[in-house]
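This briefing is for a reader who is meeting the structure for the first time.

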Amino acid sequence: MKIYIIGSTGQLGSDILRIFEKKHKVVHGGKELFDVRNTDAFESFIGNKFDAVINCSAFLDVPLAENSVREAILMNMSAPMKIAHVCRKKNIRFIHFSTDYVFDGEKRTPYIETDKCNPLNIYGMSKYIGEEGILEVNPNASVLRVSGLYGRVVSRAKGYNFISLFLRKAKENDVIEVVSDEILTPTYTLNAAKQTLLVFENGISGIIHSTDEGEVSWFDFASEISRQMKLKIKVKRKKSSSNSIARPKYSVLENRKLNELGLNIMKDWRESLREFLKEEYI
Ligand SMILES: NC(=O)c1ccc[n+]([C@@H]2O[C@H](COP(=O)([O-])OP(=O)(O)OC[C@H]3O[C@@H](n4cnc5c(N)ncnc54)[C@H](OP(=O)(O)O)[C@@H]3O)[C@@H](O)[C@H]2O)c1
């Protein structure tokens, strides 16, 4: 099949490219190839050349989104909605990614796909209305919720991911403080990409939770990185600041739909971390 991957220069997009190009013909790029904010031009850009579109682009700087509401909504709702609409019209499969930040974290047991969303910040809200809009105009679209991504390519938007930032700090400090009151499932982009291929091949539509397995605080995740890398630093727990942007304290997703379909290939977060560190750093 011929697939257009939007955002292939990014953290997730680069692994989506790595996995999909083994089996499919792909056209891919970042905003220099096609800027998704140019919503009116998408239909003519895409023409009749593709069987599927995978959108890995987003506005994902959480603090910046608080003061860039229009841009966040344009990137996370209007643009993907337009793409979803064009894909439906042309009978093209559409795959999109969303986030654990659609939830408020009050539940304290893993969220399933049908749980009520209640985002706490602008980024989460813009992703949530994006999900709703996409599935409204294109019920056959697949929207995979991922969380705490890390991979070989760091986030384009942020210039780092949790692991690269932690390892950078570890070179310069003996003690590193990490928040212990945000619990989630950090997810290796290579696993998410392999899972996306399976979702694509099996034609699964709607909201799909697709994170690594298990749950951990950022503090425990950092401690495990330190342990596996045999770092000679002290990781110290701290509470998230009450002045910073509201984030869910608990945003673990259960891959319920994938489990029910017998398609869940996501791995335990420790195993994924080990594989990633071995491939990249050890
Ligand atoms: N990162 C996380 O921890 C995390 C957690 C939960 C959910 N997610 C979701 O996962 C998805 C992928 O995130 P990521 O971390 O891989 O993002 P990323 O590394 O920042 O990559 C974003 C990609 O989007 C492209 N892009 C940005 N603006 C564009 C535009 N106007 N037109 C076309 N392309 C544009 C970028 O291309 P350029 O090279 O041209 O800038 C880049 O390839 C997003 O939907 C995000 O919301 C991420």
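Axes here are lines fitted to C-alpha atoms, for helices over the stretch in contact, and angles run from 0 to 180 degrees between N-to-C directions. The model is predicted. Helix α1 (residues 11-20) and helix α7 (residues 189-201) have axes that come within 8 Å and cross at roughly 50 degrees.

**Helix α1 and helix α7**

- Two packed helices are described by the angle between their axes and the distance between the axes.
- On the α1 side, the residues in the contact are Gln11, Leu12, Asp15, Ile16, Arg18, Ile19 and Phe20. On the α7 side, they are Thr189, Leu190, Ala192, Ala193, Lys194, Thr196 and Leu197.
- Sorted by class, the contact of α1 with α7 holds eight nonpolar, three polar and three charged residues.

- Eight of the 10 residues of α1 are buried, so the helix is largely enclosed by the rest of the structure.
- Those buried residues are Gln11, Leu12, Gly13, Ser14, Asp15, Ile16, Leu17 and Phe20.
- The cover over the buried residues of α1 includes the strands β1 (2-6), β2 (25-29), β3 (52-55), β4 and β6 (149-150), together with helix α7.

**Shell around the ligand**

- The ligand is surrounded by 27 residues, and the closest are Gly7, Gly10, Gly30, Ser57 and Ala157.
- Helix α1 supplies the largest share of this shell, three residues.
- Both α1 and β4 (93-99) contribute at least two residues each to the shell.
- By class, the shell around the ligand comprises 10 nonpolar, 11 polar and six charged residues.

**Helix α8 and helix α10**

- The axes of α8 and helix α10 (residues 269-280) come within 11 Å, with a crossing angle of roughly 45 degrees.
- α8 and α10 are therefore oblique to each other, and their crossing is right-handed.
- Glu224, Ile225, Gln228 and Met229 of α8 make the contact with Arg270, Leu273, Arg274 and Leu277 of α10.
- This contact of α8 with α10 has four nonpolar, one polar and three charged residues.

**Loop between α8 and β12**

- Lysine 230 sits in the loop between α8 and β12, and its phi is positive, about 55 degrees, although lysine 230 is not a glycine.
- Lysine 230 counts as exposed, because it has 7 C-beta neighbours inside 10 Å.
- Leucine 231 also lies in the loop between α8 (218-229) and β12 (234-238).
- With 17 other C-beta atoms within 10 Å, leucine 231 is partly exposed.
- Apart from neighbours within four places in sequence, leucine 231 is in contact with Ala170 and Ser226.
- Between leucine 231 and valine 53 there are 178 residues in sequence and 42 Å in space, C-alpha to C-alpha.

**Loop between β4 and α5**

- Arginine 108 is placed in the loop between β4 and α5 (122-137).
- The phi of arginine 108 is positive, about 70 degrees, although arginine 108 is not a glycine.
- Arginine 108 has 10 other C-beta atoms within 10 Å, so it is exposed.

Terms used. Residues are numbered from 1 along each chain as its sequence is written. This is a predicted model: local features need pLDDT of at least 70, side-chain atom pairs count only at pLDDT 80 or more; totals for chains, interfaces and linings use all residues. Helices (H or I, at least four residues) and strands (E, at least two) are DSSP runs, numbered from the N terminus. Two residues are in contact if their C-beta atoms, placed from the backbone, lie within 7 Å. Ala, Val, Leu, Ile, Met, Phe, Trp, Tyr, Cys and Pro count as nonpolar, Asp, Glu, Lys and Arg as charged, and the others, Gly among them, as polar. A residue is near a molecule or strand if its C-beta atom, placed from the backbone, lies within 6 Å of it. A residue is buried if 20 or more other C-beta atoms lie within 10 Å of its own, exposed if 12 or fewer, and partly exposed in between; C-beta atoms are placed from the backbone. Angles under 35 degrees count as roughly parallel, over 145 as roughly antiparallel, 65 to 115 as roughly perpendicular and the rest as oblique. A crossing is left-handed if the near helix is turned anticlockwise from the far one by less than a right angle, and right-handed if clockwise.
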